[in-house]
Amino acid sequence: MPSSPTVQSSSGPASSEPGSDQDALDRAKSTDEWRNPRAARNVFLWPALLVVLLLAIFPLIASLGLALSNIQLAQGGFTIKFTGLANFNNLLFGAERSIFLGQFKPPTILGWVTFIGGGAFMAYVLVRYLRGGRVSPVGLVGRALGIAALTALLWMLANTLFGEGGRPGTLTVTILYVVLGTGLEYLIGLGLAMLTIQRLAGQRLFRVVFLLPITITPVGIAYMFRMLTDNQSGPFAPLFAAAGMSNFAVLGDPWGARLAVIIGDVWQWTPFMFIVLLAGLEGRDVETEEAGLVDGAGRWQIFRHITLPMIIPVSATVILIRMIEAFKIIDLPSVLTGGGPGTASESVTLQAFQSWRAFNLGSSAAVAYSLLIVVTVVATAYARLVLPRTHRANA
Amino acid sequence: MTNPLRKRTVLDLSPRAKVGAYAIMIAWAIVVLFPLYWLFLTSFKQPVQFTGGTYYIPFVDFQPTLDNWKYILVDVGSDTYRPYVNTIVVGFTSALIALVLGSLAAYGLVRYRYRPRVGVIALGLGCTVLAMVAVVLGTPPIVAVVSAIVVLLILTRAIGNRISSARLGNSDISFWLISMRMMPPVAVVIPIYVLFQQIHLLDTHVALIVTYAATNLPIVVWLMSDYFAAIPLELEESASVDGASPYRTFRSIVLPVAVPGLVATFILVLVFAWNEYLIALFLATANAATMPLLVAGQVATRGPQYWYMSVLIVIMVVPVIVMAVILERFISRGILAGAVKG
């Protein structure tokens, strides 16, 4: 019934239709001002906005202030001196550069392929935008800045991760954690959710079991994985001994340490994807799928063309949230590997935490703000490129 | 469920597929459960058994002991008890607040169109910065906040329309909300600490509850938006034709249908608040200390005391698992299908 008056479905267009005006008028008479839809839209949104606003704005501005200052312990307190962009300068070009950005070396073939591939994709996106006919100065500047930042990130990846003898810095390592962790978690979480919506005995038991890892405090998980990877007393120690590798420390190898962090992250956060996708799948309407089955569609076809499209919006959302959270990874690298060997498995947040522990508050805030900028660029690109396609229905 | 006439549905698998499904589920269950088994085992080990080698099965290759449990629950029992209660109070209260406010906002963002003016937002930001500068320069915080709000209101009325007529949309509000989670906590704990110090709420439940509710709200808004958007509009339309107010429609039509999403989201934000460490480290020194602080505090000078830590982690997850078992049944289908047909 598309033409029925829908006061609460859209405050704008629907109420301007003839007929619904009369309806709205009647309702305004019968109910008080508090109940009218115009008040309702504010009542729905504002409490949440106010709470976030009150608690988020002040720390955000204050930490920007810290990032632009130099803080020194002094007698009976500390002194704050405004130093402009010195902290950022130090991070990008000075002493902390090799920790944050890593060691730059000329890219290998793989590095060039990555860089040129990513660049070509961005050029394609830009051309499409320019041809789309809805070009505005703000949009153009925003896209130019975003593309510049993403190109710089790609160049860093090509030079450190795929560089001949290059060494990834904390930013590259964090991006690695984010991409591999989020990807694996989504795939495993979706697979498990698809399995546990089937009609199987013990389905509910499996659901609770699959949920378990997320219920444990991240610090605890980090110590638990440290127990498990211990090659003296851990459960896999005899295996290492049998293989004659009892002196080999998994966590002493750069890639071994990174892999251990990723495995821990996947173990810990797959339930997040699992439960969100499960609720999405359980909330869907199965009738279309039943119809597909009657029409002789195969299981894969039903999944690919009916089930998957229905959970694409919630998938896009959960990937974005998990990505944002993964950029802040700290417990596992901090406790499990200590960021080591060297800084091989150190994440950006751990770097910020290290300088913060050394009471370099300004430098710590600068690291955190740099991460905030990177996450904002990546998340904005994701929100512009992915969400409009996945959320078309309710856009 | 055992109706012999029940037709085969998409939810029934062929026998071969069933075997495969069980194989995968059992394999992942082992991946999940083995580390937890190891943790549980460690809680019954003596330090010497822990460091002395690898033991897998109690009574078979080592003699379990209840010493660790006795130490945590009895010897230092009062040190365990208070954080435990704190965690329960803070976790459930903040999760409930986040769920209620977040669902309301999510529903608003799905069903209404908001067009905030860029000019007003810029004014608000400017006033905030000015108020903060004033506080840094020595103005009492309350005076600064109140005068900033007054100035903001006056300016909005006077020139709000003129400085910029550009407007934002719902997706911009959502994105702003989620962007509040992008900042690493390391960078914001000090300002948050100062904030609560100023209003004398350090080391109280309120400080933790408010902070967790605010940090978890964006997640609730984002997840619930998608669950609400998946609800067919006809349901609400028929309610509004019947003359129900928006609040009533939301409470008695929308919420019941969204139960799977609500439950999943509640479990998630409960877990986030339950397990948060860094903010608690700053805001709760003694009275309001939560369990994650206690777990992390088991690191002695000679290294982590895994055996005590394991006991704490085990008793810490029990309430969450009980919640998950109770709530799991609500993440299941049937509610929506019936509602649409009826």
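Figure 1. Helices, taken as DSSP runs of H or I with at least four residues, and strands, taken as runs of E with at least two, are numbered from the N terminus. On that basis, chain A of this predicted model has 17 helices and 4 strands. Of its 395 residues, 43% count as buried, and among the contacts in chain A between residues at least 6 apart in sequence, 69% join residues at least 24 apart.

**Figure 2. Packing of helix α9 against helix α11 in chain A.** Helix α9 (residues 218-228) of chain A packs with helix α11 (residues 254-282) of chain A at an angle of about 130°, and the two axes are 11 Å apart. The crossing in which α9(A) passes α11(A) is right-handed.

**Figure 3. Residues in the contact of α9(A) with α11(A).** From α9(A), the residues Pro218(A), Ile221(A) and Phe225(A) meet Ala260(A), Gly264(A) and Gln268(A), which belong to α11(A). Sorted by class, the residues of this contact comprise 4 nonpolar and 2 polar, with no charged residue.

**Figure 4. The contact of chain A with chain B.** Chain B supplies 107 residues to the contact, and chain A supplies 97 residues. The side of chain B that touches chain A is made up of 79 nonpolar, 17 polar and 11 charged residues.

Definitions and conventions. Residues numbered from 1 in each chain as written. Chains lettered and ligands numbered in written order. Predicted model: local features only at pLDDT ≥ 70, side-chain atom pairs only at ≥ 80, totals over all residues. Axes fitted to C-alpha atoms, helices over the stretch in contact; angles between N-to-C directions. Left-handed = near helix turned anticlockwise from the far one by under 90°. Contact = placed C-beta atoms within 7 Å. Nonpolar A, V, L, I, M, F, W, Y, C, P; charged D, E, K, R; others polar. Buried ≥ 20, exposed ≤ 12 C-beta atoms within 10 Å, placed from the backbone.
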